[in-house]
Amino acid sequence: MSKPCVAIIGGGPYGLSLASHLAARNVAHRIFGRPMAFWSQIARAGSRRYLKSYCFGTNISSPHPGSTFADYNGPRGLETFEPCSIENFASYGLWFQEHNVDWTEPVDVANVSWRRQSFVLTLDNGEEVEASDVIVATGLANFARMPQALQALPGTAAMHSAWIESFAAFQGLEVAVIGSGQSALEAAALLREAGAAPRLLIRKPSTLWMIQGSRTRTPWQRIRWPISALGGSPKAWALSQLPGAFHRLPPCLRARFIENLLPPEGAWWLRERVETLVPVEHDTTVVEARENGHRVSLRLRRGGNKSDRELLVDRVIAGTGYEVNVERIPFLEPDLRHAIARQGTAPRLDASFQSSVPGLRFVGPASSMSFGPVFRFVAGAEYTARTIATALSRTSAAYT
Ligand SMILES: Cc1cc2nc3c(=O)[nH]c(=O)nc-3n(C[C@H](O)[C@H](O)[C@H](O)COP(=O)(O)OP(=O)(O)OC[C@H]3O[C@@H](n4cnc5c(N)ncnc54)[C@H](O)[C@@H]3O)c2cc1C
């Protein structure tokens, strides 16, 4: 077995940012995972997919200049404000990895066990790696939230929007799409464009759409409505600029911010691909779902009305978001999982992203309950990478 070092699990924006910052501080580490696998899968599933975030808010972080998303896009004549395509972002990530983190090992981690003083990672290729510290940077992969009513259906009949490998596979099918956020609205647009017949089922009384940000802004507009990675409001700006302050808030206040700051809403550029083109039923909840031959029968309830109605469709897609839940991280051994203190179902983290298990850290969406909504987005990678690299440069082995 090799000498213990820091192990990063996941080669997405957070894992790559961390590796880049650890290398700059000469902290010995290894990074495991297929680079940008999550984003490449989203891009492959359908064309015309765009980021909801601005170009400036979607940087993979490096301590060296010349590695921002705009640095990649500008010389190639690609969009440098919004909307940037997801395919373009996946290519940027691969370029970043090649230029900044070419030591990434494209193998998944199958298991992490805990030996109190250190960790042992078992890789998919059977190799065992001893690590002094482990940083879990595996994004949203394991956290897709399926509504209770759909949980008994087989995966071929009902699936989460995150698991779709090809929207073209739905051609000719009637599909119920549940949810009112970007994932559900985008899925409905992509299904329609792929020749399916989607129908949106939305619990809320209306659909919210974002307003297009202005590329040129007066100094007064910049002060009054500062644009940040989370959008154009002073509260959003404060949350993206001051994650340390968010971390010091009492847990109940943090939870309230997380719930209320970013309601489900669609990007402005998606609106014309959905409104008037996709049938929508607002105020509608799916209370039951069962297989009906090769189809799915949904029992729908409108508002307070108790007289339900039946909807028969070929498939159901849940665009119902994500819930960070330590219990659902499959590669952490049960005794390690149980030792992790929680805030709700998420890990409770200290100011350097460390959990109650010394040496075990969680970043990206898994850290958003502790550090704020910006950490559900790529924009949180810079703060994360700097903070952890500073902490580990004090305690970990350097390259020799
Ligand atoms: C449809 C969609 C659109 C989105 N749009 C935006 C947007 O516009 N802007 C934005 O900022 N955010 C967006 N997000 C949120 C986005 O997922 C996160 O911001 C971002 O991916 C976080 O980066 P990450 O590195 O934590 O995770 P990821 O990018 O998911 O990277 C995690 C990596 O870990 C790997 N991994 C998982 N398990 C293992 C394992 N056992 N071993 C090794 N590797 C493993 C995965 O393959 C993956 O490549 C979107 C999410 C979705 C689903």
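Trainee: In this predicted model, which residue has a polar backbone atom 3.0 Å from an oxygen atom of the ligand?

Mentor: A pair of N or O atoms within 3.5 Å is read as a polar contact, and here a polar backbone atom of Arg376 lies 3.0 Å from a ligand oxygen.

Trainee: How much of the accessible area of the ligand does the protein cover?

Mentor: On its own the ligand has 980 Å² of accessible area, of which the protein covers 91%.

Trainee: How many residues surround the ligand, and which are the closest?

Mentor: The ligand is surrounded by 29 residues, the closest being Tyr14, Lys52, Ser53, Val109 and Val378. By residue class, the shell consists of 17 nonpolar, eight polar and four charged residues.

Trainee: Turning to helix 2, at what angle does it pack with helix 4, and why are the two described as roughly antiparallel?

Mentor: One compares the N-to-C directions of the two axes, and for helix 2 and helix 4, the latter spanning residues 86-100, the angle is about 150°, with the axes 8 Å apart. Angles over 145 degrees count as roughly antiparallel, and the two helices are therefore roughly antiparallel to each other. As for handedness, helix 2 passes helix 4 in a left-handed crossing.

How values were computed: Residues numbered from 1 in each chain as written. Predicted model: local features only at pLDDT ≥ 70, side-chain atom pairs only at ≥ 80, totals over all residues. Heavy atoms only, no water. Near = heavy atom within 4 Å. Polar contact = N/O pair within 3.5 Å; in protein donor to acceptor, adjacent residues only side chain to side chain. Areas by Shrake-Rupley, 256 points an atom, 1.4 Å probe, with all protein chains shown as cover. Nonpolar A, V, L, I, M, F, W, Y, C, P; charged D, E, K, R; others polar. Axes fitted to C-alpha atoms, helices over the stretch in contact; angles between N-to-C directions. Helix = DSSP H or I, 4+ residues; strand = E, 2+ residues; numbered from the N terminus. Parallel < 35°, antiparallel > 145°, perpendicular 65-115°, else oblique. Left-handed = near helix turned anticlockwise from the far one by under 90°.
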